[in-house]
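Here's a quick briefing to read alongside the model. Have the sequence and the 3D view open as you go.

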Amino acid sequence: MNKLLIAVVGPTGIGKTTLAIAIAKHYQTEIVSADSRQFYKEMNIGTAVPSFEELQEVPHHFIQHISIENDYTVGDFEKEAISRLADLFKKNDIAVLVGGSGLYMDAVVTGLDSFPKVDSGVREDLNKVLEQEGLPELQHRLQRLDPDYYQKVDLENPHRVIRALEVCITSGLPYSSFLNKVKPDRFFKTLTVGIRAERATIYARINQRVDLMIQNGLLEEATQLYPKRTLNALQTVGYRELFDYLEGKFDLDFAISEIKKNTRRFAKRQLTWYRKRDAILWVPHDLAAEKSIAQIHQYINANNDV
C-alpha cells in the first residue's frame, strides 16, 4: 500500500483551505473537500466556499456540485469520494482531503457504520415537526427512542437529530445499535495534519469571519434562500439565525451575535473531536506553508507505516 491521503483538519476559520492548497501544489495533486456545507451550489457566502482564485490553483472535488434540493447523505458522499480517490490515486501517490466535519472526514478515512434505508416520507414528517414545533420536540423524541445516542449527539444540530430519528423510526431500533460495527478496509493510508491555535485566537478569527460574511452579503443570500428554509441543507449555522431574523423573532444585531456564538460552539465541538484522535501531526496556524510542508515531508519519510 503506497497511496497516502493527507487529511487537513482544524477548527472553522483557521486556514485549512490555504494549507490544503499549498500541500496539493507541492505534491502536484488534487483536493477532495469533505466540508458538507460547501457541497451546495446555492450557498456561497455563509459556507466560506473557496474563492474562484483558490479553486483555480489546484483541482477541487465536491465543491458546489449539488443543489440544496438534492437528497444527499454522508453515505452518498462516502461512496463518491472513495470512487474519486481511486481515480486520483491512479495519477498520483498522494491526494489531499480537507474539511471541518468529523463525520464526513471519518466517512472517507475509516468508513461509515451501515444503516437501514430510510423512507423519505419520514424525513419530511420530521422536518415539518422541526418547522412547526421546534428542535426541542425532536430532542425529546430522540431522548425517548435512543437515550444512549441522546447523550452523545450534538443536540443543537437538527440535521444530526433528524438523521438519528429517521433510523429509529424506520428500523424500530435505537440509532446507537447500528454504530461501531466492522468498517471496510481502505486502499490508502492516511496522515492527518491538524492546524492548531489558542482558543482565543480561534474565537477572534470566527468573529472576524462572520463580520466579513455580513459585509459581503450574507443577509441578502439568506433572504434569497428563505423560501426554502425547511430543506435539510439550510439547517445550519449562519442561515438559521438569519431566517429567525427574517421572521421577526429578533433584530439583526442579535442574529449576528447568535451566528458568532453558534459558530464558536461548533469550533468547540470540532476541538473535542480532534482530542479523541491520537495520530494527528499538529502545525501552528501562523507557520508559513512551506515550513508546514517541510514538517509533513519529514514526518512521511520518518514514518513509512503512516
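What follows covers a pair of packed helices, then a helix with its flanking residues. Keep in mind that this is a predicted model.

**How α3 and α4 pack**

- Two packed helices are described by the angle between their axes and the distance between the axes.
- For helix α3 (residues 74-91) and helix α4 (residues 102-109), the angle is about 45 degrees and the axes sit 9 Å apart.
- Angles from 65 to 115 degrees would count as roughly perpendicular and those under 35 as roughly parallel, so α3 and α4 end up oblique to each other.
- As for handedness, α3 goes past α4 in a right-handed crossing.
- On the α3 side, the contact is made by V74, F77, E78, A81, I82 and L85, while α4 brings L103, Y104, A107 and V108.
- Sort the residues of that α3–α4 contact by type and you get nine nonpolar, one charged and no polar.

- Helix α1 spans residues 16-26, and its buried residues are K16, L19, A20, I21, A22, I23 and A24.
- Just past the end of α1, look for Q28, which has a positive phi of about 50 degrees.

**A closer look at T12**

- Is T12 buried or exposed? Its relative accessibility is 14%, so T12 counts as buried, given that the cut-off is under 20%.
- Leaving out neighbours within four places in sequence, T12 is in contact with I206, R209, T263, F266, A267 and Q270.

Definitions and conventions: Residues numbered from 1 in each chain as written. Predicted model: local features only at pLDDT ≥ 70, side-chain atom pairs only at ≥ 80, totals over all residues. Heavy atoms only, no water. Axes fitted to C-alpha atoms, helices over the stretch in contact; angles between N-to-C directions. Helix = DSSP H or I, 4+ residues; strand = E, 2+ residues; numbered from the N terminus. Parallel < 35°, antiparallel > 145°, perpendicular 65-115°, else oblique. Left-handed = near helix turned anticlockwise from the far one by under 90°. Contact = heavy atoms within 4.5 Å. Nonpolar A, V, L, I, M, F, W, Y, C, P; charged D, E, K, R; others polar. Buried < 20%, exposed > 50% of the residue type's maximum accessible area, 1.4 Å probe, protein only.
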